Amino acid sequence: GGICKLVANLVLTLNRFALAEGLTLAKKAGLDQEKTLDVLKKSAAYSKAMDQKGMRMVKRQFQPPASRLSSSYKDARLILALGARIDCPLPLMALAVQGMASEVSKGRQDWDPATIISYYSALAGEKTV
C-alpha cells in the first residue's frame, strides 16, 4: 500500500508540474491562462490536477493551502529514495524535487503546492508572488 501511494504521488506531482509549465508557456506566448485552462480541461491532456490546482495556479491563490508544499516535498524525496534503493531512475521526479526545493527555500513550505507555478514563472523571467 505504501509503495502504491508513492507511485500515485509521483504521477500527481508530475501532473501538477506539467500543468504549471503549460500555463506558464501559455502566458509567455500571450494566451489567457484561465481560458487556456478551460481548453486543457476539455482536451486529452486533462487530469484531475487541473480541477484541484488549476485555478489556484491561474489566480495565484496559495493561501490558505488545501495541502502544504512541505508535505508534497517530503513525499517527493521519499519517492526518490525508493527509486535509488531499487535502482530505478526517476529523472522527472528529480527535477520536480529541485523545483519544490526552490520554493521551500523561499519560505513557501506552508503554501499550497500550486505555488510551483511561481517556480516556472521565475524561470520564464516573469514577476512572481
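**Entry 1: ground rules**

I noted that this is a predicted model, where local features need pLDDT of at least 70, side-chain atom pairs count only at pLDDT 80 or more, and totals for chains, interfaces and linings use all residues. Residues are numbered from 1 along each chain as its sequence is written, and side-chain values use heavy atoms, with hydrogens and water left out.

**Entry 2: the whole protein**

I looked up the secondary structure and found 6 helices and 0 strands. Helices here are DSSP runs of H or I with at least four residues, strands are runs of E with at least two, and both are numbered from the N terminus. Along the sequence, the pattern reads α-α-α-α-α-α. The radius of gyration is 14 Å, close to the 14 Å that the globule rule gives for 129 residues, so the protein is as compact as a globular protein of that length. That radius is taken over C-alpha atoms, and the rule is 2.2 Å times the number of residues to the power 0.38.

I also wrote down the span of the C-alpha trace along its principal axes, about 45 × 35 × 25 Å. Of the 129 residues, 40% are buried. Buried means under 20% relative accessible area, exposed means over 50%, and partly exposed lies in between, with a 1.4 Å probe and protein chains only. Then I checked the contacts (heavy atoms within 4.5 Å). Among those between residues at least 6 apart in sequence, 67% join residues at least 24 apart.

**Entry 3: helix 1 with helix 2**

How do helix 1 and helix 2 pack? Helix 1 covers residues 2–28 and helix 2 covers residues 33–41; their angle is about 130 degrees and their axes are 9 Å apart. The axes are lines fitted to C-alpha atoms, for helices over the stretch in contact, and the angles run from 0 to 180 degrees between N-to-C directions. The two helices are therefore oblique to each other. For that label, under 35 degrees counts as roughly parallel, over 145 as roughly antiparallel, 65 to 115 as roughly perpendicular and the rest as oblique.

The crossing of helix 1 with helix 2 is right-handed. A crossing is right-handed if the near helix is turned clockwise from the far one by less than a right angle, and left-handed if anticlockwise. On the helix 1 side I listed Leu-19, Leu-23, Thr-24, Ala-26 and Lys-27, which meet Gln-33, Thr-36, Leu-37 and Leu-40 of helix 2. By class, this contact has 5 nonpolar, 3 polar and 1 charged residues. Ala, Val, Leu, Ile, Met, Phe, Trp, Tyr, Cys and Pro count as nonpolar, Asp, Glu, Lys and Arg as charged, and the others, Gly among them, as polar.

**Entry 4: helix 1 with helix 5**

Next I turned to helix 5, residues 91–105, whose axis comes within 10 Å of the axis of helix 1 and crosses it at roughly 65 degrees. This crossing is left-handed. Helix 1 brings Leu-10, Thr-13, Leu-14 and Phe-17 to the contact, and helix 5 brings Leu-92, Met-93, Ala-96, Gly-99 and Met-100. I noted 7 nonpolar, 2 polar and no charged residues here.

**Entry 5: Gly-54**

Is Gly-54 buried or exposed? Gly-54 is buried, at 0% relative accessible area, and sits in helix 3. Leaving out residues up to four places away in sequence, Gly-54 touches Leu-19, Leu-23, Leu-37 and Ala-49. Leu-19 is 35 residues from Gly-54 along the chain, with 7.4 Å between their C-alpha atoms.

**Entry 6: loops**

I went through the loop between helix 3 and helix 4, where Arg-60 is found. Phi of Arg-60 is near 55 degrees, a positive value in a residue other than glycine. Arg-60 counts as partly exposed, at 22% relative accessibility. Pro-64 is in that loop too, and the peptide bond from Gln-63 to Pro-64 is cis, with omega near -10 degrees.

Asp-87 belongs to the loop between helix 4 and helix 5. Its phi is also positive, near 55 degrees, and Asp-87 is exposed, with a relative accessible area of 69%.

**Entry 7: Ser-118**

My last stop was Ser-118 in helix 6, residues 116–123. Ser-118 is buried, with a relative accessible area of 1%.
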